[in-house]
Each structure stands twice: as C-alpha cells, then as structure tokens.
Amino acid sequence: MGFTRDSLSNSHQTHNLDKEFLSAPIKSTVDKFQLIPEFLKMRGLVKEHLDSYNYFMNTGIKKIVRVNSEIRSSVDREIYLKFKDVKVGEPSVVLDGVAEKIKPHSCRLSNMTYAAPIEAHIEYVTESGGKKEVHEKKDVIIGRMPVMLRSRCCVLYGKDETELAKLGECPLDPGGYFIVKGNEKVIMIQEQLSNNRIIIEIDKKGNLAASVTSSGVALRSKSVIVMEKEKIYLQLNQFQSKVPIMAVMKAMGMQSDQEVVQMIGRDPRYSSLLLPSIEECAGFGVHSQQQALEFLEKKVKPSQFPSALPQKENRALKILRDVFIAHVPVRENNFRSKCTYAAVMLRRMLDAFLNKAAVDDKDYVGNKRFELSGQLLSLLFEDLFKTMGEEVKRKVDAVLMKKSRSSRFDFSQHIIKDTISFGLERALSTGNWCAKRFRVDRKGVTQVLARLSYIQALGFLTKIQPQFEKSRKVSGPRALQPSQWGMLCPCDTPEGESCGLVKNLALMTHVTTDEEEGPLVSLCYEHGVEDPGLLSGEELHSSKSFVVMCNGLILGKQRTPQKFANALRRLRRSGKIGEFVSVFVNQQQSCVYIASDGGRVCRPLVIADKGVSRIKQHHMKELQDGVRTFDDFLRDGLIEYLDVNEENNALIALYEDEAEPETTHIEIEPFTILGVISGLIPFPHHNQSPRNTYQCAMGKQAMGNIAYNQLFRMDTLLYLLVYPQRPLLTTKTIELVKYDKLGAGQNATVAVMSYSGYDIEDAIVMNKSSLDRGFGRCIVMKKKSTIMQRFENNASERIIPPKREGYSAERMQALDDDGIAAPGQMIRQDDLLVNKQTPMVTRGPISSGVVPDSDYRATPLKYTGFTGDNSVVDRVALFSDKNSNLCINFIIRQTRRPEVGDKFSSRHGQKGVCGTIVQQEDFVFSERGICPDLIMNPHGFPSRMTVGKMIELLGGKAGVSCGRYHYGSAFGEPSGHADKVEDISETLVKHGFSYNGKDFLYSGITGEPLQAYIFMGPIYYQKLKHMVLDKMHARGFGPRAILTRQPTEGRARNGGLRVGEMERDCLIAYGASNLIYERLMISSDPFQVQVCRKCGLLGYYNHKLKAGICSACKNGDNISTMKLPYACKLLFQELQSMNIVPRLKLADA
Amino acid sequence: MPKLPDHLELKRTRVSCKLDAPNDTESVLYSGAYASLGVDNSSLESFFKDFKVVINRLTEDEIEFDMIGIDAALANAFRRILISEVPTMAIEKVLIAKNTSVVQDEVLSHRLGLIPLRVDPRLFSYKSEKDEPNEKNTIVFGLHAHCKRGGPRCTVKSEELKWQPNGSMFALEIENKGSSSTTAPKTYTNFKSNQDMQPEFSENPIHSKYPDITIARLGPGQEIELEAHAVKGVGKEHAKWSPVATAWYRMLPEVVLLKDVYDVDAEKLVKKCPANVFDIEDTPTGRRATAPRPRACTLCMECIREEGWDEILALRRKKDHFIFTIEATGALPPEVLFTEAVKVLEDKCERIITELS
C-alpha cells in the first residue's frame, strides 16, 4: 500500500528471476515435489468418486443386469424377456417426447436432473394368436441414470478449459457430484467396518469375540464366535440363542474332536482352552453330525411365516450353509472350507485370549472400508432393477391371464422405465438409501453440495461420513489413529458432536474400486499356495507356514511367505496385476493378506531399494520436460500404491537422506498428509493443533470466489468478495488446488498492538480508509423464485403490467412494463418482484372462454430480504419446469462494506469481530508511511500459540518487499517448500526492516512515536459469512402468535425479545414489579375478561346489552371486568376442556 | 540562561531507540516543566528563531522536506489535515444508463469514485444535499465504452472518462411532457454556463490524473454507458476525497557512536548496516567507524542487535526535526497541498479564537 509504482515493477523483475531459481534442481536429494501436481493432474481432486462411478457404469451395472437378466412370465413359461447387455448413453432430457442432449449447467439453471438413459439390448418374445416369436431389440431405454459430473458418461469428460467455458462450466470445478432437480448433490463417502474380515474384539459384556460381517452375493450376515465363561459359542441372528461352537463344527461334518483341535492348532494351550467347549458339547449328548444338526434344529428361530414350513431337518443345515460366514462358498454341501474358516476364526480368538495384544483395533484404518458413490448406486440400482423385474412380471402375468386378448402381445412394450428413473432420482435428492432387499435403510447419504466458497465445495467431496452414532460418548473412534497417517487429514474434522468421526481424505489418498480377484487367485496358486482342500487341518497351521487370505477367503498355505509376497509385489510393480492390490504379511498372525477389494484407502510412495530411491534426477527431468507422466512412474515400478495394511510391511523414510538400508519406501512429500482444506494454512506445523482444526471449519465460511461461472449460477445464497486476493504467503497445496485462482480473503497489513479498547476479546480495529478503498467489501446474492401455476381447469396465473400511478405505484417501481422486475433496479423491502394474479376459480369448467379481470386476485411476489436500502435486482431468469409452467428466478444483490460486528478471521483459527472503525489519520503509521489496515490485539497470541500466524506475517512482509511469493507448506522447511524464519529475516533486513518484523511506529493521534516497536506486516484475512446486517434485530411492535396472542419468536418472524425466567428472577429480586408487569402483560398479551364474582368463571361481553354476562349463572349481576394475560385465559379454557374448573376469586386490591 | 543538565536535555530532545523499545517518546509540552531548574520550556521565541523548512525533494507528485524546530503535535496536525481535511474533487454520483459488463453497478461506481481527478478543488464550492448541481459544484464525466461483438475483450481505462463541460446529457424524466418542446430538456444538472468557458479550464481541461487506471473489462458485446458526477469533499468522509496517497513524517535519525570502533569491528559495523549509514575514516589511532549518513537509518537494529553493541552505539530520533513526505494524488501539487493544510489549520485556530472571544 505504501509502495510506489517503481518499486512494484522492480519487484516484478526479481520475481521472474526467482522463478528460474526455484525451478533449478536442488543439489543433494531428488526433489520429488513435481510428482504431486502431476499426480493431481492425472487424478484430479476427486478421482475416488469418479473412479467408483465409472467402475459402476462400465462394469457394475452390467454385472447386475447379467445376474438378473431374465424376466419370465409365470403364466406362460415360454414368454420371457432377457437383458443381454446394458449401457448408459449420453446425458439427455426428454422434452415433449423428444430426447435432447443437455449440459450440466442448463440443468442447474432450470431445475432438471442431469441424467442419461440406460439403454439395454434385449431379447424378448412376442405372441399373437398363439404364435410366439423371439425378437431382439437394441437401445431400449429402461430408465434414466443420474450422471456424475466429469465422469466418463458426462459431457464434460476430457474437455479442456475453453471447451468447459463454452459449456458454462468452471474449469476448476472438480466434478464428482450429481445434479438432481437443479440441486448439486454429493454422495458422501461412507465409512464402514470392512466386510468379510475376521475381527477380534471385546464385546459389551467384556467377552472375547471373533466376528465376521459377511456380504456374499445373495446375503449379508454377521457371524460372531464368542467366548463366554471359557466356553465358546456361535452367535447368529437365525438362532434363538448362542449355540456351542463344537456343535456347529460337528454339524458341519467335523465329527471328531481331534480333527477340530488339529485344525485349530496342536499347541496344547489351544486344546486346553477348547476343552470346556468340547466337554459341554459332549454333555449335551452331541457326538455325531446328525446329533449336532438335531441339536441345532431346536435352537433355530421359528420362521416368520409359519405357513411356509420347510422340511424341518434341513433348516439348521441351511442356515449353516447360507447364513453362517456367508461369503465362504459351500459347493455341494462340502463344508470343508467353512470349517477351515471357522477354525481360523477360533484360532485367532484363542490367540487373542492368550495374548491380549492380538485383539483387533476397530478404529484401525486398515479394518475400514469407504463406500463410494459407485457402490452405493449399484446397491440401489440392483434393488430397483429387481423391483422393476417383478413389476414387469406382475404386469405381464396380468395381461396374459386375460382370456381374450385381442392385440398382439409384445413383451418389450411392458418395460417400466419409471421405477429405476424415479427410484434413483428420489434416493439422490432425499438421501434416503432404502433397499429392503439388502436390508439397507440409510438416511442422509447424499447432501447438497455447499457452495459458500470454492474450498468448501472441495472439502465436501473429500468428507467421510461415519457410521457410528454421534451421541455415543466414546473416545476411541474419535481419537487420531496412527494408521491415519497420510490417508486421512489429521486436522480437518468438525468441532462438537461429530468431532473425530467425520474425517477428510488427505491430499494424495486414493480409494480403491473392486478388482477382479479370479486371476489373482490363480496367480497365487501358481506361486506355491497350497489348497487347503488338499491339506489336513494340522498342516494348515504348521509352524513356519503362513495362511494366505485373499479378500477374506482362505486360499491356502504358503511355506515361504516373504518370498511369495515379494513375488506378488514384483508382479504389481511391473503392472501384471492391478496397481491397487495389496499384499500384507502378518507375522503375528502367520498370515498373508491379499486384498483387491474396493474401498481401501491407499497412497503412492516412492519405492526404495536398500534405502536408495528408485527415482533419480533424470526421471524428474523427464517429468519436467513432459516426456514422462505419473503413470509412467507407476508402470516403471518407481512408485507404487500402498494401502494401510501393506504400510505395516514397509519402512518409510520421510526424506531420502534419512533413509536407512532397511528402508523400503520414501514419502513423496510430507505435506500430503494434510487434506485440501488444512493445506491452505501456512506453517500449520508451527501452530497449536486445535487452531488448525478451527481454521478448517472456518475456511469453509470464508467469502471469496466460488467458481469462474459464479455470476451465471443461480444459488440460493451466494457470498462474494469484491476484491479477492491470492494469499501473499502461499503453500504448495494452495497452488495444487488452485486456491490462488479462487481466493477467499485479502492480504491485510496488520499491526499487532492494542488500540482504543475496542479490541478486547479478539475484536479487531479497522482502518476506515482501507474500507473506503474496498477492503472487505462483499456482495451477497439471494434467490427469489416463483412459478406461474396452471390449474386443472386450464386457468392459469398471469402477470399484468404495473400501475404507474396511484396508491400502489410506488411498490411497483422496480417492475418493467411486462410486470416482472428489471435487472439493475433498486429494490426495497415489500417491493413487488412479479405483478402476478391468480384466478379465483381453479376448479371446474370456466363459463366463458376468457376469465374476466375481476375473477383474478393479486398474488404478487414481494421482496422480503436484506435489511438496508441498497438491494438491487441482479438477474432475472425465466425457464419452464418439467410441467412446462413458467418459472421466474430473481437474484437480488446487495453490496456491503464491513461494519462493526462483522466477523473476520486469519488462516490460523483466529477469528474476531470488527470492534471499531477508525479514521486513517488516527491510525498508527510507520517511518515509511505505511498505515495498517487493521489492528489486532496481541493477547490473541500467548494462549492460542499460533506461531504460524507470526511467521506468516514475517513471510508476507518479506514477500511484499522482495516481490516474491513466500511459501509456508506444512513441514516444508527441509525440502524447501516453506521459507525458514532465518531466511525471511535476512530478506527483511536487506530491505531495511527489522529482522523481527517489528516497526517503529508513530501514533496518529499524538504524533509521537509509540513506546514499543510494533509487529506489523501483511496477513491473509478472510471475511466470514456471519455479518451483523443479517443478524441484527429489534422490535417495537409487530406480529403476534395467533394462539397465545403473544409476540412471535425469532428474527425471521420479526419477533420480540423474550424476558426469560432468569431475567424475570432478577427483576423480582430487584423488586421492579411494575417493570415485570409491563413486560409480561402490557407488552405481551393483555386481555380484558369478564369474571363472575359468584361462580368465578369467565363470562363474555354482550355488545347489544353493553354488559358482561356470565354464561354459567346466565346473568350479568356479578360481573367484574379485569385484565389478564391472554395465555392465562387460554389456560383456563384448556383446563375446562379437560374437566378441570379453574375459578377466579376476586378481591379488592 | 541556564541550561538543562545533559541527561535531561537528551530526554527532552531525543527519542532513544533501544533494542527492546524506544524510550522517551513523549514530548514535554508544559512550558513550566523545567521551571525549577530555571529553564523555560515554552519556546515561542525560539520557535520564531529556529523554525526552518528545508525542501529535499520535489517532484510533480511528491515532496519531501524537513521541518525543523516544531512540535510533534503540530507536525501531526498537518499530517492529519492533509489526509482528511484538505478538499478535492471526486466522483460521488454515477448515473448508469447501461451496464452489461460483469462488474456490478455498485462496484463500478466505487471504482470510479476512487479515480483521482486532476482539477483544482479551490475553484469549486461544496455541494450540500439540497443544492442543485451546477457548474460551480459539479463536474460531469461521461463514459461510453463498448466492446465489439466478435472482437477481443477490451479494457475500459480511466482516460475514457470524458469531461462534459456542459453538464449532464441525460434528460430527467419530465412529469408533463407536452408542455414545452422548445426549451432544452431538463437534465440531471443545471449548468448556467459551460465550464470550459472559464479561463481556468479552457486551456486545462479536466481529466483523470492517470490515463491507465482500469475501470472495467468488457467481453464481446458488453457495453457501459454512464455519467459520473464529481463533487467537492474531504477525506474524512471518504478516502476518495483525500488529496494524498499518504502523508507522513519521521523524526530525524541520529546515530551516535558512544565509543570508538576500530578496524575489524568497524568493518563489521559498516557491513552490517543495510542502509549504509556507516563509513570508516583513517585516524591516527587506526581505522575508525563514523556515521556520516544517519538520515538513511531505517531502524532495522542490525547494528545493535548483537550482544554488547547497544552500549557502543546509540540510535536516536530528534524530536523537533521532522522529515515530512507528501504523496499527492494529482489534484494539487504537493507543495500547494501543504500550504492548503496550513490554511485549514489557520482557519481552525481562527474559529477557536472567535468562538472563545
């Protein structure tokens, strides 16, 4: 602000020089930072959403259709319809029967759903006159699938910046959400405990339990093996009570106790632990399979439908086959694999009994899976598709049942499109995920993409919703897990009830999608995994051999696990198997876990051989020259993805020079452990941790720019900064997420000092001249809309030209000649936006063709909104909705300059309101003539410990004087992505400032120097959306509630301010009885009643007789008039209605 | 005439800038503060004798001068008046006929308001709320910018603000239309004469001080048509009327070597100072450090930062010597601004005198 033109242009030159310096390679270690932009370029910020959705579109949907491909009539078995293939077409909308291609932005503007037709290739039977023919038809639309923006089906896929601009889309918008009825909806990432994995836990009663949540093809079940009083039982929903595990094993064909013991392990400790269970089982007289099955049969829960009684004997066996650990397949009643699995479960549990450390940690990220849009949609789609199949079948059966059919029967005519279309649309717009078939009933799966700021929208897409209830007072799931490192952001979580439960993905995290496991399994067998079917129970657990598990199934055993794992990893690095397959050798459990399932979190790491990074200088050079991409790094085996489990087998060095010979991997950049939002904080590693968390919550409320197309969007509420700036002190994350292009704040010169006393409790003092010049100025826009309704009798609402003269002319001053407010018009409270009229008769036929003017009543759209008189109509948009009614949307705009009480915050969780606004001449000024924009009280620092803010100030000051953006990336000092304080100080000194950032200031009031040096420099300040103008409220008189006749409550209803109980207590204690009387009666709900002195009941006032009458005594002899609160009268009447008679006894006062 | 003891004299006349904080920042105002020592602190006579103004630098927009022998309070008064009470002309009212650009009307008006105008405000009078805009209190600018369809985007610069000496061209909405078609239509201003007929403006047309201030950017097909009315005002009301970008002063630095610094230390000292305050001179006792350019000191403290150096060096400020800088925005040359400020102060004093008497 105090710099001349020359110094600015000079600094510009130095800036150019520095760019070269920056891009120059760093000598010793390879600077791998360049990988991150490359990674994000390849991946985008929301790849997990897109990947998941694309997978569903390309593979998932086809699988579902293939599984449920046939609809066959039960009346005539030869009449059927078969789905041979299915694909999703281009996004389009059907208008008047014609399909029209659509752009996402037009959907936003005209409340449409951005969806594409699901086109099926069908084979079906037609019948006419008993002759049946088989036909085929392609591209039959069976429904409409909402399309995720930027997914492969979306028109935005693969478009560059100019093309996107032509489509009205912001190039920085990440996509990954849906547009349903004009609303942007995000399917939140759902956190869940992983399926099909054995988890050893301590249950509520303190018993040890091994549980598996199985999700098979057909069924989901939870099987729990629990150890109670030294005896082991199985808990299954289908059994009335817990059943002895030995009985279950016997029922599954392991009749010999020895076999069971062998299978679990020959270690005598195991057998001694099993002994009580074996004895108990023998005590029940269960020895053979037959006896076991009979025993279990008694425990089976009676069926819910008593009519459908199946053969009794088979029920227990069926449950064991289909429900118990349902994901383990049983072929031809061969229970061998299930027995093995149960034995492994038992063994793990006994292990945990012997060694408490073997209990699994439920909060361990490796035991978690993240459900993404693809999985959730496929669940819903499968349910809807099946429902549609049933509906079609019912409909077809009904048609075929008819004896006399005249017309030709064509199966393809009976496809119901609406089931799928509406089902998907409803689920997305309400967020209620309800699939009865899969026992799924979830609420709040989708949320409206909040677009208060660009960064909030980004944060929304990385947010992870928990499955735990928020009310439970547990600390475990909320605590920071060491396994979160690099996967989930340690800073970004909300405060309050969902603290620690709602998480956010870190910058480099990727969530996997399902991968075909067939080839992987056969590959494992080729690499020396021995099939458990060929092994005796004892051999499976022989020492030195490891059990190999793949996606929760037992593949067999391996004698050389390390070699095997290395071989698989080599295959992965060379791209022979999927890059997201994880191989994890668990020494403790003697297990090799191979995982290719979806929902695991993983992140890329640089591979190191004996502590030497595989990435060399020339690789990075090639990357910079553009001949190498991130994918090449993956393909050449320089980088690989590790998931949380496999990270346990790796020794990861933070930096290359810290690597030891045992090191297997090297981090790409340490700041990627933070997420998108916490990445905006400069020097977060110098701040007290909660401050970073606070900033994560506040950064989302900061005003700024939302998107490049912000002025062409029709958001219900939009906050924009007039002059947003890019932060002077940036971080690498800021550049990566393009926050520097859509900033939400301004670089304010801040003096840390006390001034005027209006700065206590974090209030800030602002310079009026700065505000005059545009600091903190913001634009608030609000949407108002109306629909021109058409009624059943074809009468419709109409808009008429405004009156230019007379009583109502003033209210219509904003209207154009067409009766709709014109853009650019100033508008005041209660002004008309649309001069609309509604016909009085909306039902039944209209007598004449034209409705006369007298049959309309005025139903105008009035403007009620911002206080203040500077609101302007910004835009008016007309469009027709799906019922082709005319809709009119108005955007009302108001420009505001900061005022006392507006909320501001720096990027370090230091929020404060504007305490006072001071003239520039009263402000302090430095020897260079610099006058701060705002003054912050130094008491904000000691308790908050936001050292990062101080360094931001220093770095900003140095940046402003040398003309180079300084960096403050997290943990960036060693790698050069954050400037060191020493270097910053040196720059400051070079430009004539004190090394400590303190300046010699003069008081603007006295003109004398201040008695201290003042810490002063630029800090990036955000203006938060909370403004006094939206909150201030006062009322003299106003509306009252109908029922109680008391003043209404709340600002929105222009309500009164309540004198509450505690206030009342104070007044009583003080003895201000007249004040109480006034507040509680006169100013509230005074009411005059006629009281009968005799019976004590309320009477009424007869206006003809001009006297009060008691309706109980039927006369007016003893009537007194008195005042009481209307609410009191109401209470009496309510009591009377309950047969309680309140009587008033009057006495002379 | 008795003199104050040295340590008191130092406290009276110097701010000593210690490493941790400046000391003795306050000035002693009371005339009888040192009466017990027989020293008169009131200084009207000495003020007449000693007061001096030395102009160091004067360019079109900037002046730096030394004001010696004056109190901080007075120097500050000039600074404050310069910032907030010397009037200028600035655009206050904008009539927008058409604005299809992305810049909102309010923002556009705000930007226009902040454009410095090169016009002598002394030739105009203040316009109060009820005054009719006339040639004595209003300057009208027109702006009509249009970006051709199919062409490249264009930038509207402040040079496109065209002075309209005849006043507003926009016709007021007339209540009774048919009454008089012969007279010129009534506009938003009521000019009795053309402004460019006045001798002050005939050779010196009014325009924006800088031709290259961006007002807005237009996309193809966008258009701005407006009229901007500038009136006289003071910076107290809005910063746009402030005649200075900023005006400030600093007290004259004084660097005193309390002890002699020789050879290695001297070189170290010279090297340490980024403002190049120190030099080395050869003396018979060796190479000794001197401080020949104390004026350049920015108080970066580098010289006394190291342990022990604050006993060798003293950084001070002279309390009655102000290096005053005015950065003008273009309405008036900086030297005139200062005299205007003095006049404002004079007026204020007179007002107080008349009100007291």
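**View 1. Ser884(A) takes a positive phi near 45° in the hairpin of S43(A) and S44(A), where five residues lie between the strands.** The model is a predicted one: local features need pLDDT of at least 70 and side-chain atom pairs count only at pLDDT 80 or more, while totals for chains, interfaces and linings use all residues. Residues are numbered from 1 along each chain as its sequence is written, and chains are lettered from A and ligands numbered from 1 in the order in which they are written. Helices (H or I, at least four residues) and strands (E, at least two) are DSSP runs, numbered from the N terminus. Strands count as paired if DSSP finds at least two bridges between them. Nine bridges link S43(A) (residues 871-880) with S44(A) (residues 886-896) in the antiparallel sense. One of the facing pairs is Arg875(A) with Ile891(A) in S44(A). S43(A) also pairs with strand S38 (residues 826-827) of chain A, again antiparallel, over two bridges. There, Met826(A) has Val872(A) of S43(A) as its bridge partner.

**View 2. An open antiparallel sheet of three strands in chain A has the order S37-S40-S41.** The edge strands are S37 (798-799) and S41 (856-858) of chain A; each has a single partner strand, so one side of each is left without a neighbour in the sheet. S40(A), residues 836-839, is joined to S41(A) by three bridges and runs antiparallel to it. Gln837(A) stands opposite Ala858(A) of S41(A).

**View 3. In chain B, four strands form an open antiparallel sheet in the order S5-S12-S7-S9.** S5 (88-99) and S9 (162-163) of chain B stand at the edges with a single partner strand each, so one side of each has no neighbour in the sheet. S7(B), residues 139-146, pairs with S9(B) over two bridges, in the antiparallel sense. Opposite Gly142(B) stands Lys162(B) of S9(B). Helix H4 (residues 105-113) of chain B packs on the sheet and touches S5 and S12 (223-233) of chain B; the directions of H4(B) and S5(B) make about 150°. Contact means that the C-beta atoms of two residues, placed from the backbone, lie within 7 Å. Axes are lines fitted to C-alpha atoms, for helices over the stretch in contact, and angles run from 0 to 180 degrees between N-to-C directions.

**View 4. The contact between the chains takes 38 residues from chain B and 34 residues from chain A.** On the side of chain B that touches chain A, the elements giving two or more residues include strand S1 (14-17), helix H3 (72-84) and strand S16 (313-328). H3(B) gives the most, with seven residues. By class, this side of chain B has 18 nonpolar, 10 polar and 10 charged residues. Nonpolar covers Ala, Val, Leu, Ile, Met, Phe, Trp, Tyr, Cys and Pro, charged covers Asp, Glu, Lys and Arg, and the others, Gly among them, count as polar.

**View 5. Chain B is assigned domain 1 (6-84 + 254-324) and domain 2 (88-242).** The bounds come from an automatic or database domain assignment. The C-alpha centres of domain 1 and domain 2 of chain B lie 48 Å apart. Chain B has eight helices and 16 strands, and its C-alpha atoms fill a box of roughly 95 × 65 × 35 Å, taken along the principal axes.
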